[in-house]
Amino acid sequence: MSTSLSHIREIERVASGAASPRDEPVVQSWLRCLNDYKLDPTIAQEAYIVPGSKLREHREQAEELIRIGRSGLEGLFNQVAEQNYVLLLSDARGVTVDFMGDPTFDNQLRKAGLYLGSEWSESRAGTCAVGACIVSGQPVIIHQDDHFDASHIGLTCTAAPVFDTLGDLTAVLDISQLRSPTAKASQQLALHLVSATARRIELANLMTRTRNDWVLRLARSPEFLDVDPDAAIALDGSGRITGMTHGGFGALARSMNIRGLQTRNFLGLPLSEVFDIDVDDLPNFMRGRPNGERLLRAKSGLVLFASAIAPVVSLRTPAAPEARLPRALRDLSQGDATMERVQTRAAKLATRRIPILIQGETGSGKEYLARAIHDSCGDNGNFVAVNCAAIPEHLIESELFGYAPGAFTGASQKGKRGLIEDADGGTLFLDEIGDMPFTLQSRLLRVLSENEIQPIGALKARPIRLRVVSASHRDLAELVKQGRFREDLYYRLNAATLSLPALRERQDLSWLIDQLRARVEKENHESYRIDTTARAALLAHEWPGNLRELSNVLRVAAALSENGLIDSECLPEHLFSEAIHSLPGEDDALRQALRDCGDNVSALARKLGVNRSTIHRRLKRLN
Ligand SMILES: Nc1ncnc2c1ncn2[C@@H]1O[C@H](COP(=O)(O)OP(=O)(O)OP(=O)(O)O)[C@@H](O)[C@H]1O
């Protein structure tokens, strides 16, 4: 039987559920190729090289990464040059954006796809190291006939992921050979080298991106602390976590000892919530003190060696661009890149009367932003908010435009000033503008384009000066397409659009939790402390109701707290439903875990980061 025929047979056996001696990542990838990408193992396809213009696009997008990754790539290439290895740096879509190989083999390498522009996504190339690494986020060796597509079974490829400072996979570093010994174990050293280089690229990336932050490098042994740390975490001037390497995430997760956390759960978290130090202690961890003495203790008891690097610019003085923002806008976020862009644009727009459309999910803070814009503009007029969805359709015209005395049956003899006129000299905020009745849209258009208003029954229009900020959680452009919203009004309203991120996307969630907690403290004249497990649950939740939901959860939690301590008992059950899955699955495992905690349900709940009642429920089911 030819090699490729036996290869196809083997894939078919795996597809039918037969046990396979291959590594689990290989088996899983084969199954994805068959079930998800519908690839056919009988059809062999040569490596795909993207066209030149596409490659330029991919390289432009990865420009900074290529620059940062270069010296890591060169260092690694020098170490392996004698063994005919080729290095590929691919972007998150699997396209090779940088490459190093022996030019003598250029033609063979290009043909094999070990070349600039080759695309090694799983859906395109089948099981391959880059593609499997992108899907799993783990280092992987795909050796010879581990490849799904028979045309690649001569190659041996080993890849490691490179994560950005916010925990997203941003690139894959791959080391490959056209020919190699048959044993897969021969690639273990390659796996180690490529993983170490990926770690160094992540560190270089963190150092470049966080020049204005503290960087805390961590290692398990003091000897490598300054030269090759295992992990690094960036911290802002107040000691909150702003980014990390993948190793940094691992160290934080181990230090918190809570399962199911992701990188973003740590963003914004004060360092003192994880370790026994805060930002004022960081200078003690700078060079000059023996490495062996720079010990850091995690709240979980884990001990690490740490080395701190001070920011290039002192963070005790606020960063210049933020300082230029008016106070009301400055207070909207801290450390979220999307929000910072929104705030900067809003500050520029606030000084002019340009209509602004705010888009964002329900409860994401559209009205709050509109108020901040109004408070930043320096106008003396009122901020008038109108919820177009809440006013009954037959009343909206008179509410908005007002009416002249005796304009219609039942109208007041004195007439009535409309909300638009109330906002004269200030800001009219039209919330849920997508619900504005179609017939009224043309009247509103007139107000906007001619700066005048004509109350119902009035003979003359009056001049008016206002800033219009409208908002919608619906896609207005889509409503225009469906003919439910006037196109001309749409263009008039959205001279500028500000799009608010959903709470689950915000990187300053921990800061927001503290802001909202401070608000509740002010309302209740009491102070509250959120314990680590409760905070972890708040950070891990998806927040479909956004800031409004978070705000309500904190209000209720404050009411339920004892002596001002907000613990997991004060939070709603559904916040822990994701954590339930991380409970030991087997009954025996649960019993054992409980025994390990001295039969103390509270201790086990703390350890697993779930509510006590969740454990009680499980135990009840066991009995
Ligand atoms: N940046 C922020 N900091 C603190 N609290 C905020 C912030 N943004 C919004 N909030 C609070 O979150 C809640 C919801 O905000 P807001 O009413 O502005 O949302 P919205 O997007 O207008 O909601 P809807 O779509 O339902 O009209 C309010 O209690 C508001 O005070």
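Two residues are in contact if their C-beta atoms, placed from the backbone, lie within 7 Å. This is a predicted model, in which local features need pLDDT of at least 70, side-chain atom pairs count only at pLDDT 80 or more, and totals for chains, interfaces and linings use all residues. Residues are numbered from 1 along each chain as its sequence is written.

**Chain**
- The chain has 26 helices and 23 strands, taken as DSSP runs (H or I, at least four residues, for helices; E, at least two, for strands) and numbered from the N terminus.
- Of the 623 residues, 41% are buried, meaning that 20 or more other C-beta atoms lie within 10 Å of the residue's own.

**Helix α22**
- Helix α22 (residues 546–560) has 15 residues and should span 21 Å at 1.5 Å a residue, which agrees with the 21 Å between its end C-alpha atoms; the expected span is 1.5 Å times one less than the number of residues.
- Its buried residues are N546, L547, L550, V553, L554, A557 and A558.
- They lie on the same side of α22, because they cover an arc of only 135° around the axis, taken from the directions from the helix axis to the C-beta atoms.
- The cover over these buried residues includes α20 (509–524) and β23 (565–566).

**Ligand shell**
- The ligand is surrounded by 16 residues, the closest being G365, K366, E367, Y368 and L547; a residue counts if its C-beta atom, placed from the backbone, lies within 6 Å.
- Helices α14 (366–377), α20 and α22 each give two or more residues to this shell.
- The ligand lies between domain 3 (349–499) and domain 4 (505–622), because both give residues to the shell; the domain bounds come from an automatic or database assignment.

Definitions and conventions
Buried ≥ 20, exposed ≤ 12 C-beta atoms within 10 Å, placed from the backbone.
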